[in-house]
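Please open the model in a viewer and keep the sequence panel beside it. The stops below are meant to be followed in order.

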There are 2 protein chains.
Amino acid sequence: MYSYKYPHPAVTTDCVVFGFNGSGLSALLIKRGIEPYKDSWAFPGGFLHMDETAEQGALRELREETGVRDIYIEQLQAFTGVERDPRERVLTIAFLAFVRQDDYEVIGGDDAAEARWFPVDELPSLAFDHAEIMRVALDRLRWKIQYEPLAFRLLNSTFTMSQLQTIYEAVLGQTFDRRNFHKKMLAMGYITPTGDSLQNNGRPAMLYRFDAELFRKAIENKKVL
Amino acid sequence: MYSYKYPHPAVTTDCVVFGFNGSGLSALLIKRGIEPYKDSWAFPGGFLHMDETAEQGALRELREETGVRDIYIEQLQAFTGVERDPRERVLTIAFLAFVRQDDYEVIGGDDAAEARWFPVDELPSLAFDHAEIMRVALDRLRWKIQYEPLAFRLLNSTFTMSQLQTIYEAVLGQTFDRRNFHKKMLAMGYITPTGDSLQNNGRPAMLYRFDAELFRKAIENKKVL
DNA sequence: ACAAAAGTGTTTACTTTACACCCATGA
DNA sequence: TCATGGGTGTAAAGTAAACACTTTTGT
């Protein structure tokens with residue numbers, strides 16, 4: 001037992017993991033193996049340990065519950081509704097993650113009976129206030145992809161322009177002119193051709209690479225992200 | 001005493017309150033009246049109660065410690081470093097606020113021995129990790145003012161174009177061409193002239209008003225904030 | 001030769017920047 | 001009448017949007 005002079009809320013972390021499989025945008029959910037909301041789908045997450053930051057906790061829970069590891073996450077926001085958990089006062093710090101969906105064999109583990117990807121437009125009903133968290137996460141994703149090079153975290157290290165365009169179209173829910181898209185992306189100054197090409201069905205497509213070094217220089221010069 | 005099966009961190013809220021007094025940008029700080037960091041300057045804030053959301057807690061602490069009440073705040077982010085408080089594990093949820101500096105007689109109260117405004121470029125050294133919070137808050141402010149009508153929260157309900165321009169220049173640390181600034185602001189479509197004017201030193205300046213209704217319509221039509 | 005997907009350039013519209021003179025008021 | 005700050009328009013540059021034909025590959 002742990003005792004405190006004043007009441008303390010419990011603190012959890014949750015990870016909204018977005019993945020891309022070549023066509024549509026998905027989110028990684030786990031089926032809860034324990035109460036409350038047993039057998040409901042929810043974001044991977046769990047109670048914060050005393051010796052880890054929220055970010056470390058979120059990564060640990062993600063690894064334990066889905067097998068996904070070593071990825072980039074960033075804080076979304078804290079959700080602090082008083083009644084969001086029936087057990088006791090629990091607030092959660094939600095994180096956003098972006099991964100190449102095919103890099104991971106997601107497997108349920110620990111408190112998760114099962115883990116799988118759901119297309120973001122075919123989500124099941126979610127435990128706790130996770131539907132609200134999902135709304136905020138999608139808004140943030142749509143906002144950020146326009147100002148930060150998030151898309152490259154969802155692609156292999158080399159990619160074609162149409163793969164890149166597919167991500168933007170999936171996230172923003174609109175289509176772009178192929179020629180203008182191509183021009184605009186190259187004009188950013190941090191996407192470089194590799195020289196290789198990738199073949200699927202028609203003419204082979206050139207492969208590009210995101211250059212983090214050039215990106216850093218680009219934002220320095222242009223003073224806006 | 002309050003006992004739990006697993007250890008719980010303590011949770012506080014902190015408010016980074018930005019104010020504008022007609023010329024420069026300031027932040028509201030309190031001098032801590034209790035340990036730890038007694039007599040250091042810090043953001044107003046304190047422990048979260050079990051029956052309030054983080055936002056409610058932040059507003060309550062702000063009221064208790066500085067007398068500032070009934071203002072708009074928004075969540076900045078949670079700060080969760082393991083060693084950020086010497087007493088026990090404490091994580092804080094930081095909020096951002098924007099106020100008309102002259103609307104409030106700030107007064108120290110509760111755990112705060114004193115409360116006063118500091119120009120953001122003349123801040124004292126801060127308690128806990130509040131210097132880090134300040135950095136994040138300023139980054140966020142600079143980012144948001146370019147995309148959201150924050151400036152109007154810092155001004156009286158009617159204002160002149162040069163007052164508005166002064167805020168943008170103070171926050172972003174750069175100057176703008178008076179004519180282009182004027183055009184751009186009116187082009188937003190949600191700033192309307194009141195018909196009145198304000199006199200200070202030369203020719204009287206037209207007074208404008210921020211129209212929240214027009215703003216709502218403007219973001220609907222332009223689909224980007 | 002045909003189907004499928006990829007590569008590419010030009011014109012037009014729009015947005016942003018640069019820039020200077022006249023006006024209203026108080027001292 | 002002078003000093004102070006406010007109001008305003010136009011031309012040039014840059015950015016974004018519209019738009020269609022040709023190329024490479026596999027079948």
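**Conventions**

This is a predicted model, in which local features need pLDDT of at least 70 and side-chain atom pairs count only at pLDDT 80 or more, while totals for chains, interfaces and linings use all residues. Residues are numbered from 1 along each chain as its sequence is written, chains are lettered from A and ligands numbered from 1 in the order in which they are written, and side-chain values use heavy atoms, with hydrogens and water left out.

**Stop 1: the interface of chains A and B**

Select chain A and chain B. In contact across the interface (heavy atoms within 4.5 Å) are 31 residues of chain A and 31 residues of chain B. The buried area is about 3,100 Å², and carbon and sulfur atoms give 64% of it. Buried area here is the accessible area, taken with a 1.4 Å probe, that two parts lose on being put together, summed over both.

Between the two chains the count is 0 salt bridges, a salt bridge being a side-chain nitrogen of Lys or Arg within 4 Å of a carboxyl oxygen of Asp or Glu. Polar contacts, by contrast, are counted for 17 residue pairs between chain A and chain B, both residues at pLDDT 80 or more. A polar contact is a pair of N or O atoms within 3.5 Å; within protein, one must be able to donate a hydrogen and the other to accept it, and residues adjacent in sequence count only if both atoms are side-chain atoms.

Now colour strands E1 (2–4), E2 (10–20), E6 (73–79) and E7 (90–100) of chain A: each supplies at least two residues of the side that touches chain B. Helices (H or I, at least four residues) and strands (E, at least two) are DSSP runs, numbered from the N terminus. The residues on this side of chain A divide into 18 nonpolar, 8 polar and 5 charged. In these classes Ala, Val, Leu, Ile, Met, Phe, Trp, Tyr, Cys and Pro count as nonpolar, Asp, Glu, Lys and Arg as charged, and the others, Gly among them, as polar.

Next, select residues 2–4 of chain B, which form its strand E1 and pair with E1(A) in the antiparallel sense over 3 bridges. Two strands pair if DSSP finds at least two bridges between them. Tyr2(A) has Tyr4(B) as its bridge partner.

**Stop 2: DNA strand C**

- Met206(A): a backbone N or O atom lies 2.8 Å from a phosphate oxygen of DNA strand C.
- Asn180(B): a polar side-chain atom lies 2.8 Å from a base nitrogen of DNA strand C.
- Gln199(B): a polar side-chain atom lies 2.4 Å from a sugar or linking oxygen of DNA strand C.

Helix H4 (178–187) and E11 of chain A, and helix H4 (178–188) of chain B, each supply at least two residues of this surface. By class, the surface near DNA strand C has 4 nonpolar, 6 polar and 9 charged residues.

Turn to H4(A). At its start, a side-chain oxygen of Asp177(A) reaches to within 3.0 Å of the backbone nitrogen of Arg179(A). Just after H4(A), Gly189(A) takes a positive phi of about 90°. Then select E10 (residues 191–198) and E11 (residues 205–210) of chain A, which pair in the antiparallel sense over 5 bridges and are joined by a hairpin through 6 residues.

**Stop 3: DNA strand D**

Around DNA strand D there are 20 residues, of which Gln199(A), Ser162(B), Gly202(B), Arg203(B) and Met206(B) come nearest. A polar side-chain atom of Asn180(A) lies 2.8 Å from a base nitrogen, and a side-chain N or O atom of Asp177(A) is 3.4 Å from a base nitrogen. The surface near DNA strand D has 4 nonpolar, 7 polar and 9 charged residues.

**Stop 4: inside chain B**

Select Glu114(B) and Lys31(B), whose side chains meet in a salt bridge (3.9 Å, N to O). Glu114(B) is in strand E8 (residues 112–119) and Lys31(B) in strand E3 (residues 25–32), 83 residues apart.

Finally, display the open antiparallel sheet of 3 strands in the order E9-E11-E10 of chain B. Its edge strands are E9 (158–159) and E10 (191–198), each pairing on one side only.

Note on methods
Near = heavy atom within 4 Å.
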